[in-house]
Amino acid sequence: MVLNIVLYDHPILRKKGKPIDSFNDQLKRLVSDMLETMAFHKGVGLAAQQIGQALQLAVIDVSESKIPSSLLIEGKPVPIEEHMPLFLINPTLSCTRSKELSNEGCLSFPGLRIDVPRSKRVKLKTFDLEGKPLALEAGGFLAIAIQHEFDHLQGKLFIDYLSPEKKKAIKEELEKIKRAEPSLFAKENA
Ligand SMILES: [Zn+2]
């Protein structure tokens with residue numbers, strides 16, 4: 001089922017997600033709906049906050065992206081496609097200090113693109129849908145997607161990285177998003 005996307009500045013986008021405590025059918029159904037919703041909107045990542053639930057849960061799929069990614073599991077490079085979709089469930093993240101600007105969009109900010117400083121590589125600890133722990137290292141576009149989604153789970157948004165001047169410069173765009181109807185967005189992208 002395609003779910004409605006919560007747009008800026010709905011207060012749930014600012015809520016830190018509650019940990020997932022049972023890996024049951026309800027979780028699998030929710031993840032399946034989130035994947036359908038993300039694919040419908042041609043997104044590469046979607047956090048639970050964006051469909052109105054403050055949970056430590058996000059889905060990512062960068063397999064269609066032209067921007068290169070790298071993925072290592074237990075220190076060994078593995079094919080990206082075989083490990084997509086990736087789930088962030090109760091994740092912990094460590095990022096390298098060196099950062100570069102990444103031009104990003106967000107399904108909760110239709111039409112907006114901004115440059116955000118992101119680490120080139122990340123180490124992620126997460127779980128699969130059966131509750132099995134998974135540790136991985138990611139680079140390139142996947143590392144960026146993981147950082148963006150991890151932020152959502154903490155109630156942090158990509159606009160929070162903007163300087164006051166840059167935030168002022170997109171004030172009009174943000175006001176437009178605040179006034180937009182989620183259903184209109186769905187139709188535009190159908
Ligand atoms: Zn986002």
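Analyst: Happy to! The structure holds 3 aromatic pairs. This is a predicted model, in which local features need pLDDT of at least 70 and side-chain atom pairs count only at pLDDT 80 or more, while totals for chains, interfaces and linings use all residues. Residues are numbered from 1 along each chain as its sequence is written, and side-chain values use heavy atoms, with hydrogens and water left out.

User: Why is the pair of Tyr-8 and Phe-109 called stacked?

Analyst: Rings of Phe, Tyr and Trp (its six-membered ring) pair if their centres lie within 6.5 Å; planes under 30 degrees apart count as stacked, over 60 as edge-to-face and the rest as tilted. For Tyr-8 and Phe-109 the centres are 4.9 Å apart and the planes at 25 degrees, so the pair is stacked.

User: What makes Phe-109 count as buried or exposed?

Analyst: Buried means under 20% relative accessible area, exposed over 50%, and partly exposed in between (1.4 Å probe, protein chains only). Phe-109 has a relative accessible area of 0%, so Phe-109 is buried. Tyr-8, at 12%, counts as buried too.

User: How do you know which atoms coordinate the zinc ion?

Analyst: Donors are N, O and S atoms within 2.8 Å of the metal (3.2 Å for Na, K and Ca); water is not among the atoms, so sites may look incomplete. Cys-106 (SG), His-148 (NE2) and His-152 (NE2) lie at 2.1 to 2.2 Å, so they qualify as donors. Along the chain, their spacing is C-x41-H-x3-H.

User: What does UniProt say about Glu-149, and why is Glu-149 called buried?

Analyst: The unreviewed UniProt entry places the feature "active site" at Glu-149; such annotations may be inferred rather than shown by experiment. Its relative accessible area is 5%, so Glu-149 is buried.

User: What makes Asp-160 and Arg-14 a salt bridge?

Analyst: A salt bridge is a side-chain nitrogen of Lys or Arg within 4 Å of a carboxyl oxygen of Asp or Glu. The N to O distance for Asp-160 and Arg-14 is 2.7 Å, so the label applies. Asp-160 lies in the loop between α2 and α3 (164-169) and Arg-14 in the segment before α1, so the pair ties together parts that are 146 residues apart in sequence. Helices (H or I, at least four residues) and strands (E, at least two) are DSSP runs, numbered from the N terminus.

User: Why is Arg-14 called partly exposed?

Analyst: Its relative accessible area is 40%, so Arg-14 is partly exposed. Asp-160, at 33%, is partly exposed as well.
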